[in-house]
Amino acid sequence: MRSARRTQLLRELEHLGRVAIFGTLSETYRTCGQPGCRCHHGGPKHGPHLQVSYRGPAGKTTGYHVPQTLAPAVREGAAAWQRLLEVARELAELNREQLWAAHRKASARR
């Protein structure tokens, strides 16, 4: 049973690795520079403007703006990144269980 789950997780990991985008996605809504615009007079602000943020190689948070045309793909990629982390954790737990089971079996033979 664990072998089947491992195979399933590895397949999912392969798929996620093709679309995952590292970082956290955030949305902002802004007012524009035109004083007469609705966004300055109680109307809805402009947006959503998407931003991906992540910790760069030096350990500092950095990010980039996402063009609206790429928003659906980036949303999918950011969600895939989160799922990829969940799958990796589950695989790590299966690995730990397998290692401990092998250790108990070897200890019982001694």
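Which backbone oxygen lies 3.5 Å from a polar atom of the side chain of H40? In this predicted model, the backbone oxygen is that of Q34.

## Surroundings of H40

H40 is placed in the loop that runs between β1 (24-30) and β2 (46-55). With a relative accessible area of 37%, H40 is partly exposed. Beyond its neighbours within four places in sequence, H40 is in contact with T31, C32, Q34 and P35. Q34 also provides the backbone oxygen found 3.5 Å from a polar side-chain atom of H40.

R18 stands 22 residues from H40 along the chain, and the C-alpha atoms of the two residues are separated by 42 Å.

## Cysteines C32 and C39

A search of the whole structure finds zero disulfides. C32 is in no disulfide, and the nearest cysteine sulfur, that of C39, is 3.6 Å away. Because a disulfide requires the two sulfur atoms to lie within 2.5 Å, the separation of 3.6 Å between the sulfurs of C39 and C32 is too far for a bond.

The accessibility of each cysteine was also computed. C32 is partly exposed, at a relative accessible area of 24%, whereas C39 is buried, at 6%.

## Helix α2

Helix α2 comprises 39 residues (residues 71-109).

The buried residues of α2 are A71, V74, G77, A78, A80, L84, V87, L91 and L94. These buried residues pack against α1 (2-19), β1, β2 and β3 (61-66).

Technical notes. Residues are numbered from 1 along each chain as its sequence is written. This is a predicted model: local features need pLDDT of at least 70, side-chain atom pairs count only at pLDDT 80 or more; totals for chains, interfaces and linings use all residues. Side-chain values use heavy atoms; hydrogens and water are left out. Helices (H or I, at least four residues) and strands (E, at least two) are DSSP runs, numbered from the N terminus. Buried means under 20% relative accessible area, exposed over 50%, partly exposed in between (1.4 Å probe, protein chains only). Contact means heavy atoms within 4.5 Å. A polar contact is a pair of N or O atoms within 3.5 Å; within protein, one must be able to donate a hydrogen and the other to accept it, and residues adjacent in sequence count only if both atoms are side-chain atoms. The expected span of a helix is 1.5 Å times one less than its number of residues.
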